[in-house]
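Student: I've got the model open and would like to walk through it. Can we take it residue by residue and then look at the sheet?

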Amino acid sequence: MKRLPNNALHKALIKFLRENIETAVYDYVPDEFKLPYVTLGAINVQDKSTKMDDLTHLSVQIHLWSGYKGRYEINVLAENIINLLSNNQLDMEEDGFYSNAQGVDFYESFPEDDDGYHGVISFEMLVQNIEGDKE
């Protein structure tokens, strides 16, 4: 049976960010929040399996939110996250998955009306199911 790594990636990425950045990271943004903060957005999944390996290509959007009127705060936060993701492999082995490759595809930032800035990092991974045989 094909296992999708969506939940494993979501769990590992939230944990990794919470352990490595000082900014709040939310799975669900509470009513009482302080800027800046980080959330996860869309996760896209593509089956890349071969006859021998159960592989999935995933891309996830990491959203950065800032109340600062300029780009400085959002860009510093993005640079920190991008460097962390570029230099550390996400650990999903507890859930039976392994990251064969990972990297940041792009980053963009833009004003959010008059309320600061919003940034989006697109993070990609090639994940292997290491638990059981592919059916």
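Student: Leaving out residues up to four places away in sequence, what does Tyr26 touch?
Tutor: This is a predicted model. In it, Tyr26 touches Ile14, Arg18, Phe33, Lys34, Tyr37, Val38, Thr39 and Leu40, with residues up to four places away in sequence not counted.

Student: Where does Tyr26 sit?
Tutor: Tyr26 is in strand E1, residues 24-26.

Student: Buried or exposed?
Tutor: Tyr26 has 16% relative accessibility, so it counts as buried; the cut-off for buried is under 20%.

Student: And how far is Tyr26 from His63?
Tutor: Their C-alpha atoms are separated by 10 Å, and the two residues are 37 apart along the chain.

Student: On to the strands. Why call E3 largely enclosed?
Tutor: Strand E3 covers residues 55-66, and ten of its twelve residues are buried, so the rest of the structure largely encloses it.

Student: Which way does E2 run against E3, parallel or antiparallel?
Tutor: Antiparallel: strand E2 (residues 37-47) pairs with E3 over nine bridges. Within E3, the residue opposite Leu40 is Ile62.

Student: How many bridges between E3 and E5?
Tutor: Twelve, and again the sense is antiparallel; E5 is residues 117-129. Ser59 stands opposite Glu124 in E5, and Thr56 stands opposite Val127.

Student: Is E5 mostly covered or mostly open?
Tutor: Mostly covered, with eleven of its 13 residues buried.

Student: What about E4 and E5, how many bridges there?
Tutor: Strand E4 (residues 97-111) is joined to E5 by 13 bridges, and the two run antiparallel. Tyr107 has Ile121 in E5 as its bridge partner.

Student: Changing topic: how many residues are in the largest nonpolar core?
Tutor: The largest nonpolar core has 29 residues, and those with the most contacts inside it are Leu13, Leu17, Val38, Ile62, Leu64 and Ile81. Helix H1 (6-20), E2, E3, helix H2 (72-87) and E5 are the elements that give two or more residues to this core.

Student: Which of them gives the most?
Tutor: H1, with seven residues. As a general point, nonpolar side chains tend to be buried together in soluble globular proteins.

Student: Leu64 was on that list. What does Leu64 touch?
Tutor: Not counting residues up to four places away in sequence, Leu64 touches Tyr37, Val38, Ile74, Leu77, Ala78, Ile81, Tyr107, Tyr117, His118, Gly119 and Ile121.

Student: What does the side chain of Ser66 reach?
Tutor: The backbone nitrogen of Tyr68, at 3.0 Å. Apart from neighbours within four places in sequence, Ser66 is in contact with Leu35, Pro36, Glu73, Ile74, Asp115, Gly116 and Tyr117.

Student: Last one. Where is Asp54?
Tutor: In the loop between E2 and E3.

Student: Buried or exposed for Asp54?
Tutor: Asp54 counts as buried, because its relative accessibility is 5%.

Student: What does the Asp54 side chain make a polar contact with?
Tutor: The side chain of Ser49, at 3.4 Å.

How values were computed. Residues numbered from 1 in each chain as written. Predicted model: local features only at pLDDT ≥ 70, side-chain atom pairs only at ≥ 80, totals over all residues. Heavy atoms only, no water. Buried < 20%, exposed > 50% of the residue type's maximum accessible area, 1.4 Å probe, protein only. Helix = DSSP H or I, 4+ residues; strand = E, 2+ residues; numbered from the N terminus. Pairing = 2+ DSSP bridges. Core = buried A, V, L, I, M, F, W, Y, C linked by side-chain atoms within 4.5 Å. Contact = heavy atoms within 4.5 Å. Polar contact = N/O pair within 3.5 Å; in protein donor to acceptor, adjacent residues only side chain to side chain.
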